[in-house]
Every structure is written in structure tokens, then in C-alpha cells.
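Please look at the sequence and structure first.

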Amino acid sequence: MESPVEIVQHTTGGMIGASWLMIAFPLLGAAILLVLGRMTNRWGHLLGVAMSLASFVVAVLAFLELIGLPAEQRRQAVHLYEFIPGMVDMGLLVDPLSISFCLLITGVGSLIHIYSIGYMSHDPDRRRFFSYLNLFVSAMLLLVLADNYVGLFIGWEGVGLASYLLIGFWYFKPSAAVAAKKAFVVNRVGDLGLLVGMFVIITTFHTLTFSDLGKAIAANPPSGGAVTAIGLLLLLGACGKSAQLPLQSWLLDAMEGPTPVSALIHAATMVTAGVYLVVRSGAFFFPEGSPQALAVAIVGAATLLAGAIIGTAKDDIKKGLAGSTMSQIGYMMLGAAFGPVGYTFAIGHLITHGFFKADLFLGAGSVMHGMNDEVDMRKYGGLRKAMPITFATFFIGYLAIIGFPMLSGYFTKDGIIETAIEHNQVLGWLAVLGAGVTGFYMSRMVFMTFFGQKRWADDAHPHESPLVMTVPLMVLSLGALVLGAYLVLSNRLYEFLTPAVGAAEEAPHFAFTSVPGLATLALVAIGAAFAWYKYGRAEVPSVQPRGSFLTTFARRDLYGDALNESLFMRPGQWLTRIAVYFDNRGVDGLVNGLAAGIGGSSGRLRRLQTGFARTYALSILFGAALLAGALLLVGNI
Amino acid sequence: MTTHYLILSGLLFAIGAMGVLIRRNAIVVFMCVELMLNACNLAFVTFARQNGNLEGQIIAFFVMVVAAAEVVVGLAIIVTIFRTRRSASVDDANLLKY
Amino acid sequence: MSPWLPILMAVPVLGAIVVALLPKGSDKLAKQVTLVVSLVVLALTIVMATQFRTGGPRFQFQAAYDWIPSFGVKFGVGVDGIALVLIALSAVLVPIVVLASWHDADGTQSADGTLITPKRSVKTYFSLLLVLEAMMIGVFAATDVFLFYVFFEAMLIPMYFMIGSYGGAQRSYAAVKFLLYSLFGGLLMLVAVIALYVVAGKGTFMYPELIGVIKDPATQKWLFGGFFIAFAIKAPLWPVHTWLPDAAAQAPAGAAVLLVGVLDKVGTFGMLRFCLELFPDAAKAFTTPIVVLAVISIIYGAIVAIGQTDMKRLIAYTSISHFGFIVMGVFAMSQVAQSGAALYMVNHGFSTGALFLAAGFLIARRGSPYIADYGGVQKVAPLLAGFFLIAGLAGLSLPGLSSFVSEFMVMIGTYSSTAFGAGALTVAAVISAVAVILAAVYILWMVQRTLHGPTAEPVKAFKDLNAREIVVLAPLVALIIGFGFFPKPLLDVINPAVTQTLVNVQVDNPAIAEKGAGQ
């Protein structure tokens, strides 16, 4: 494996020099909308969209400037200002990896902004929603653009904050408030890993900046222990943000937020951050074949299966999609464990997933919009005639995610599977199995929603959504159609990313007729057929059947919440109660006891003051005698 | 040859102290305090004589002055107490306690 | 001789006298005069701070007047970078507190409708506030150890009256507890101060002349103990912390801000300046137990905070956790950790100040400090909720807000400290990092129960922030966000002082990061 090309300090102006504008525009938007408050209610959403689009324009211009440079200069560090003197400066790193993310974040993000104009048109708090969306985009851009771990961490937590605000957007619903808090707290567990990882990095390598880190490692290859520790700690961070096992539990609850938020969290931002972290640190801390890279692969494989299994049992359309996100991110993690080729497919899948998952989520939102915010798929059925555009775009997204040949998901997912099998047979074939399950649960979703009998509530009048919502859907489904082929065929993405993530010994070669590829297709077809047998051909009961033990297992999110509750929450509550009791009775009790003791004993001593003058006289006499005696004694010595 | 004076002084002091401790009448207690003071005066004068200087005698004068002032204040207090409480017993005047 | 610091102390004292002498019934005038005086002090402080030369000598604006010549006691003042930022913190917080406590001394309505009337007049409260400001400036500016001690103790008096006369239902208990605790520590310190004078035998209390004078390790340990216990109580460090929740919960919100935001900083400031530099060997010898206590404070404070039902007590316990970080940073003996600790002192003043004040505004509307009495505030008072949330996020050290920078520096500086051999304090840093999670729990759980959820019936009548309250909170939030992204101005002032401290403590002080590492 060849290491990535050296980072050069950006000197000239141009769009790369002004790439901080990408972060600044949406941040400014958020600030204006929050500070001016109600005054901006009328045009706030337009400002939000404009800021996001402006950011997208900057990203495109910077991208064009970057590909105009020769390959060995495509990693440009832009110094901004001195952040913590003597420790770290704030700066941006514009390279193929970060710019790919920027394009995805601002592009898909802008589409989600536009869509939200329509989706949130009836919400009195639409302006606040757009300010949070802008904040989200801004934080995510800082995360991917920062040229050091501290800046990355600020963006990382900023994303956490924005997701907290957005998941809890309908804060008056207790469930939303709890879900928001849960997302933040679980994310913080991951943040702990990233934080401690930074401690180890700076202590070992004396820098937190990517460019210096590369040089430090090249000049002085570190021992395995520290690097393994760093890798595992960063992986913990990635698990939190990307909802990988064992920190996946927040993701399903996060569906409490408005649907565009789910699209933003799941497609363009947030959950991709963990993958970004692993890929960005890959050259430093996740060398191929190292134990920490294996850990990444195991986490990815386990999560892709867990997410897929959860997805099979959900009747809530958003939760089904959430399970699918877990699963797809699991694929990316699995890919990110296997060096530059893996990175390419992981990032490729991340980009295509960004499109088709946003497409699916926004499509689900469009369905809900037409169905009085009903999320239960058992109350849908036969919607393809009522909302044709939504159906068409959703269907394209569906074909893309199950890996239908020639659509985007086919290329990128297949790439990951083949790379995985090449390196690790067991995990690779598990990924093939996961693809089959994906075929089942996604087909189930499509059949339950758009086909079969109408099972609508009496007051439901499904209708197609307005253009402001359907146009973004069309754009996204276009991406879901062609993007995979464009990126993977003739290795476009691989060659573009090489300066940032390094080159493999052998460039990837996409095979249309490999054994794993054909096996995947076969399993997907079986899964889809089984779904047709159970949900397409047969009547879907509009009340959830009791289901077998396995169904319940999946419905309960594999008992992840129950596990967290019994392992952390309840013992935590006990610990808190004990600590409070100890503080009040133990520590403070000791203090108050001492005070009471002194008070009590002085109360007794007080009794010596009887008020009888002759008693006092007697004690004076005794005292005098004692003194005289003492003096005599001393005098005699 | 001053030993006898000192013994006398000690006896007077002991008598005074006993009186303060066992008598209840405020006037008698007061007298006993005076007796103790004068016992001290006697000792001072004796020591002055023994050491051949005047310091003891000077102190005796101081004590007398202070005793006189004390008599003035003390008797006034006793008289006032007697007026209000119709009693001159020191044990009855025990309100100033814990 | 520079007149800056004496003037800075004289202005509030004069103001206090004027306010105290105002005729009865001129409450409003008293408030206005106090506000103007505190703003003048702030302006003077800003002008003074701009004159501070970061590359100059350690102590600047020095002035010394004979005070008790027979013992060599001088009224000696002067500031280094750390003292300067803390004086600036006090000067910023006082006008904000004056505005915030505009009605605090008028009496408060408790939840059951009874009026808690203060024991003393309104103008006395504001007069005390100004006296306190003078003393806060004095305690940070004192370069004479005896003068420092005098201010250290005298600060208790105005604070005692502010809690005891204007506080909540349990104010007497809280005020006496606060006073006794502090006096106990103070007396130990007095013994140590006198012993320092005698043992050093220099005939002076002037701090710069006492550095490095005490050589005997045993003597150092005893004197260190005297100072440290006083500072640990002040800071407060586990297990001598229980006075703080009571005092902070009973004090009026403004007084609580000054108590936790500034007064307690004297403890950690004293550790950094006196314990370390005067007794370096003892400080190094005691590092292990002290860092253990600090880590216990961090985790224990956070856990107990989670279990609190009273907002103000909760904030007080979070402060105990944060003070643990500061103490850990001070004793980690590395440049980054100590700069982080000094910066933390300032940032904690802003974040806890904002949190206390926002909670105070909530409590003033509802009359109850209990979290369970709230719910859904965001619906009726979105501005108040927004400020409360931002202050809370600063309390949980969200990156991008000022407290993150300092907490990060303390932890990373502790982790990488080489003063006791490489890796000696890594365990402490890693354990303390768990507080990152606990902080999210205590803040967000409180936010969830107060701001979110369905709006509780009594909350529906809430009015949103008025102009005065916005003016109170906005500057704090601006500072929190500003220093979150640009901590450099503060750090540039703090760093030289810390470097000098480490030289005096005689520890190795390698740079944590090197530009172009590995080349």
C-alpha cells in the first residue's frame, strides 16, 4: 500500500482558500434565524435554503479548482487561525476525501432543505427548523473539513448538538425529548473514545494535525500498542456517531424527529461521520491486517446483520428505514477495514447511499405527508396509484438499495462484499447474507406500502405531494440510478480518492460475474420473492400479529434497549441514589454530626454555670490552690 | 521574725475564704472578702519589712484604695438587690446562669 | 508604583459608601449608582488589561505601601496573567449580577405563596455587592501574603450577609455553615502564614521574595497543608464540599454567581500561586492524593448532580465536578494542564454564571427551585429556554463553547504530563473523561424535565425574558461562544505566568505539540 500524498500548505486564494465559506454560510444562516427569531418567520426558510445552496456552490467551485490541480497537489491545507496556542491551529484540509463529503453534504443537504419547505409548511416553528438544519450542515462541514482532530471534534459534537435539537424538535412530545437526550448521551459515550484517542495521539505523536501526523508516523513508526489503542478508541467514537454496535440504540429512537431530519441524519450527515473518521485516520491508525482494522470489520459485519434483522420486523416505515441505515453503514464500516480499495467502496457506498437513502426517507415523508402523518405500514397499502411520483422515486431508491443490477447500490455494495471476501471469508459471506435480508425487508416495505389492498384509516385521503417536495425526490432518484456506475466503472472514484487515502497494490476491478456477486443477486432475489409471498400476494393484516419469538426479538431491536437498561440505566440510577444518600447522610451527616456534637457538649458544659456565687468562689479557690501547688512543685524541682 | 505575721496573715485569709464559701448573707460574704484583702495587705507589709524596701507597702495602699472603691460599688449593689428582692442571701441571686 | 490596582479597589469602596449613605426609600437610585460604579470598574479594568504587556515582567501594575511596618506587612498589589484574567472575570460578572439581581433584594415569593422578606434593606445589598467587588479584586491582586489572607477572610463578611439576609428559607443555616467552614480553613491558613513569616525570617510577607526560601521538606509539608486545606475548602474539593450546595441554593441567584463564579476561584488560584510556588517539594509529594481527591470530586460531583431535585443544588454539584478538573489541572504540573486550569477558572465563571442566572430567572417566575415543578418552558418562554440550554451546554463543555477548550486542555495536559514520569497521570485523565458522559446526563436530563415535555399548568403563565434579563444573559453567552472559538487572547495572557510557575516549581515543561512533528 502506498501512503497518501503529502499535504501541501495552500498559498493562493481561490475557492480552496475560501473554503471556510462553506462552513460560514450555513452557520451565519443559523445565527441569523436564531438571533432575529420571530422577525424572520416569513422568509426564514428561504434564507436557510439559500445559505445551504451557497455552501453547495462553494463546494462545487472548490471541487473544480481541486481537480484542476495535478494529483500530487490535491491535498491543500488552509490555515485559518491559531486556536490553542502551542497545541493546535484551526485549519481546513481540502482534499478529495473531504471534498467528496462536502459535495454530498451540501448537495443532498440542500435538496433536503428544499423538500422541508413543503414538508414543514404547516409547522408554526418552521423557521427554527431551518436554523437547526443550517447548524447541522455547518457542523458536519467543519467535521469533514477540519485539518486536525480538535476541529473535527468540534464539528463532531456540533453535529451531536444539531441532531439533539432536531430529534427533539417537537420537544413538547415527551418521547421526542427523551429520544433527543438519549441520542446525545449515547453519542457522548462514543465521544469519550474519540477524546481519549486524542490524548493518546498527542502524547505519542506530539501533534493533532493530519499533515504533521503523517510526517511523524513516517519518520518514526510507532509501536503497535499505542496505535492499536488509538484505533480502538477512535472506533468507539465512530460507533457512537455511526450507530454501530454496541452504541446503536439511539438511532431507532431518533425517528421522533421530523422526517427530513431523519433523511439528513441518515443520508448526508451524522451517521457517515464515523465512516469518515475511520477512513481519514485509516492511513495512520488502521493499517490493513491490524487488530483494530479487524475490529472495525467485525463491528461493521455485526451491525449490518443486526440492522437488517431489525428492519425485517418493523411496521413503522421510518423505523424500518432506520434499521436499514444501521445495516448500510455497517457495510461501509466493513469496507473501511480493508485499506484503500475498501475505502473507495466504503466512500462510494456512502455517497450512493446518501442519495438513495435520502430518496427513501423523503419518499417515506411524502407518504406520511399524504397520510396524515401515519407511519404504520399496516395502515398503508395500494398507495402507488394515489402518489405516482413518490412511488416511482421510492421504487428507484428501493432497487438501488437492494443492489438491483446497474443501479448505484449494486456497484458499491458489491464492491464492498468482494473486497471483504478477498480479505476475510467469514465476514464477507455474512455481508452476502445481509444483502439477502436487505432484499427481503426492503421488498416487504415496498409491498406493504404501495401494493396490495388499501388498509387506510377512514379519514385518510392520500394525495401526491407538492412539487417542492417531489422535485428533490426526482433529483435524488436520478442519483440513485446512475451515480454508482459513474463512480465505480473505470475506477473514477478510486483514482480521485487515491491522493487522500493512498493507493492499493492493485487497483480494484469491478467484476460483473464473480461468484459472490452472483450469490448476492440470488439471495436478494430469494429475499424479494419471499417478501412477495408473505406481503405482496397475501393479505397484510392491519393489526400487528403476535409473531414468533424471532419476530419479537427483531421488533424489540434485538433487546438492545433492554440490555442498556439493565446494564447501565438501572445500576446508574441506583448508584446515583446511593451517592446522593451518601452525600446527604454520610459526608454532610459527618459535618452536621460534628456540629451537633459540639453543640451538645457545650450544652452540657453550660450546666456548670449554676448562678450560685459561692460555687464560683469554690472553683476559684480550687483553681488558686492548684496553681499554688503547681508553682510549689515547679519551684521544688 | 516575720514568720508570725505571715502565719497570722494566712489564718486571716483562710477565715475569710471559709466565710465567703459558707455564709449566705451578702454583707457577711462581703466582709469576708475584705478580710481576705486585708490578710494580703498584712502579707505585703510583712514582706516589705523583710526585704527592706517599700514596694510591698505601696501595693498595700493600692489594695486599700481598690477595696474602698469596691466597697462603694459592692454595697450599692447589695442594697439595691435587697430593695428589690427583700433578701440579702447570695443564693437567692442566682438568675445569671446557663 | 502604578496606581491602577489601588484605584480599581477604591472605586467600588467609595461607591459602596455612597450607596450605603443614600437616604431611605431611594432603592432605585441605589441600584442605579451600583450599576454605574460597577460599569466604571469594568471600563477601568478593560483599559488596564489593554496596558498589560504579555512579554513583560511577570507582575505588572505593582504598588506597595507600608501597612504594619513592625511586621513588614505591606499593602502590596500587582497582577500576573492569571490574576489579571480573574480580576477581569470579577469585573465582568459584577455589573451583570447587579442587573440580574435588580429585584432579588426586594423579597421573593416562594412556591406556597409566602413572601420571604429580606432582613436588611435593598441599598445594603448593593452596597455589600460593591464591597465584595473591591475585595475580590484585592484578593487576586495581593502580592503580600498577609494582605491576601486578610482579603481571603474579609470576603466572607459581605457574602455572609448576602446569603444570610437575602437568601431563601434556609438562609441562616446555609450562611452559618458557609462561614464556619471558611473560617476553619482560614485559621489554618493564618497559622501557616505566620509560620511562613517566622520560618522564612525575611521580615516580609511579600510573595515574590518568599519564593524558594523554605527549603526544609518537612516544614514545606506542614505549611503546604495549612494553605491547601483552606483552599480545598474554598474550592471546594471532596470531601469538604457540602457547604457549597447549601450556600448556593439559599443565596440569591446573583450572590450565588459571585460565590461560585469568583469566590471559589480564590481557592484554586491560591493553590496555583501559593501552594505550588512557595512549597514546590511538598506540592510534588502530595500530588497523588490530591489528584485522587480531584478525580473523586469530578466523578462524585457529577453523579450526585444527576440525582438532585433542586436546580440550584444541581448546578452547585456540577461546579464541584468542574472544580475537580481545575484542581487536577493545577496539580498535573504541565503547561497545558495549568493553563487549562487557569482558563477553566474564567470559563467556569461565565458558564456557571449564565446557568445560575438563567435558573434564577426560571425560579423567579415559578417560585420554586424544584425541577419537578417545571415542564415545557420552551413553549411559553422560548428565549429563556434558549439561553438556559446554551448555558447548560456550556456546563457540559460542548466543543465550540469556551468551557470545552479549558476542559480539553486540562485533560490532555494531565494525560500527557511528564512531571512525574511519562504516563503517571494517564489513569486520572481517562477516569475524569467519563465525566463527559455524566455531564451530558445531568444537564440534558434537567433540560428535558424543565424545558421539554408538555407545558405544566403553572408554567403556562410564564412571561418570556424582558429586556433587562436579555441584557444580563446575552453578554455571557457571547463570551462563552467567543472564547469557545478564540481562546487565544486569554491564553496568551495566562501562558507566561504558568510557564513562570512551572519554572519555580522546578518541573520539566516540554512543549506538548511541535509544529511539523517528526521532521
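## A covered helix in chain C

What covers the buried residues of H6(C) includes helix H4 (122-141), helix H5 (145-154), helix H7 (171-200), helix H10 (243-250) and helix H11 (253-278) of chain C. Helix H6 itself spans residues 156-166 of chain C and is mostly covered, with eight of its 11 residues buried, where buried means that 20 or more other C-beta atoms, placed from the backbone, lie within 10 Å of the residue's own. The buried residues are Leu156(C), Pro158(C), Met159(C), Phe161(C), Met162(C), Ile163(C), Gly164(C) and Tyr166(C). Helices here are DSSP runs (H or I, at least four residues), as are strands (E, at least two), both numbered from the N terminus.

This is a predicted model, in which local features need pLDDT of at least 70 and side-chain atom pairs count only at pLDDT 80 or more, while totals for chains, interfaces and linings use all residues. Residues are numbered from 1 along each chain as its sequence is written, and chains are lettered from A and ligands numbered from 1 in the order in which they are written.

## Chain A as a whole

Chain A holds 24 helices and three strands, and its C-alpha atoms fill a box of roughly 115 × 65 × 55 Å along the principal axes. Of its 637 residues, 59% count as buried. Among contacts between residues at least 6 apart in the sequence of chain A, 81% join residues at least 24 apart; two residues are in contact if their C-beta atoms, placed from the backbone, lie within 7 Å.

An automatic or database domain assignment supplies the domain bounds, and chain A is divided into domain 1 (149-565) and domain 2 (567-636). Taken over C-alpha atoms, the centres of these two domains of chain A are separated by 67 Å.

## Two helix pairs

Helix H4 (residues 96-119) and helix H5 (residues 126-145) of chain A pack at an angle of about 175°, with their axes 9 Å apart. That makes H4(A) roughly antiparallel to H5(A), a term for angles over 145 degrees, whereas those under 35 count as roughly parallel, 65 to 115 as roughly perpendicular and the rest as oblique. Axes are lines fitted to C-alpha atoms, for helices over the stretch in contact, and angles run from 0 to 180 degrees between N-to-C directions. The contact of H4(A) with H5(A) has 10 nonpolar, five polar and no charged residues; Ala, Val, Leu, Ile, Met, Phe, Trp, Tyr, Cys and Pro count as nonpolar, Asp, Glu, Lys and Arg as charged, and the others, Gly among them, as polar.

In chain C, the axes of H13(C) and H19(C) come within 9 Å and cross at roughly 10°, which makes H13(C) roughly parallel to H19(C). Val291(C), Val295(C), Ile298(C) and Ile299(C) of H13(C) meet Ala428(C), Ile431(C) and Ser432(C) of H19(C), and these residues divide into six nonpolar, one polar and no charged.

## Contacts between chains

Of the two pairs of chains that touch, chains A and C have the most contacts. Their contact takes 49 residues from chain C and 49 residues from chain A. On the side of chain C that touches chain A, H20(C) gives the most, with seven residues, and the residues of that side divide into 32 nonpolar, 13 polar and four charged.

Elsewhere, 11 residues of chain A are in contact with 10 residues of chain B. Helix H24 (residues 613-636) of chain A gives the most to the side of chain A that touches chain B, with five residues, and that side comprises five nonpolar, three polar and three charged residues. Chain B and chain C do not touch, their nearest C-alpha atoms being 23 Å apart.

Terms used:
Buried ≥ 20, exposed ≤ 12 C-beta atoms within 10 Å, placed from the backbone.
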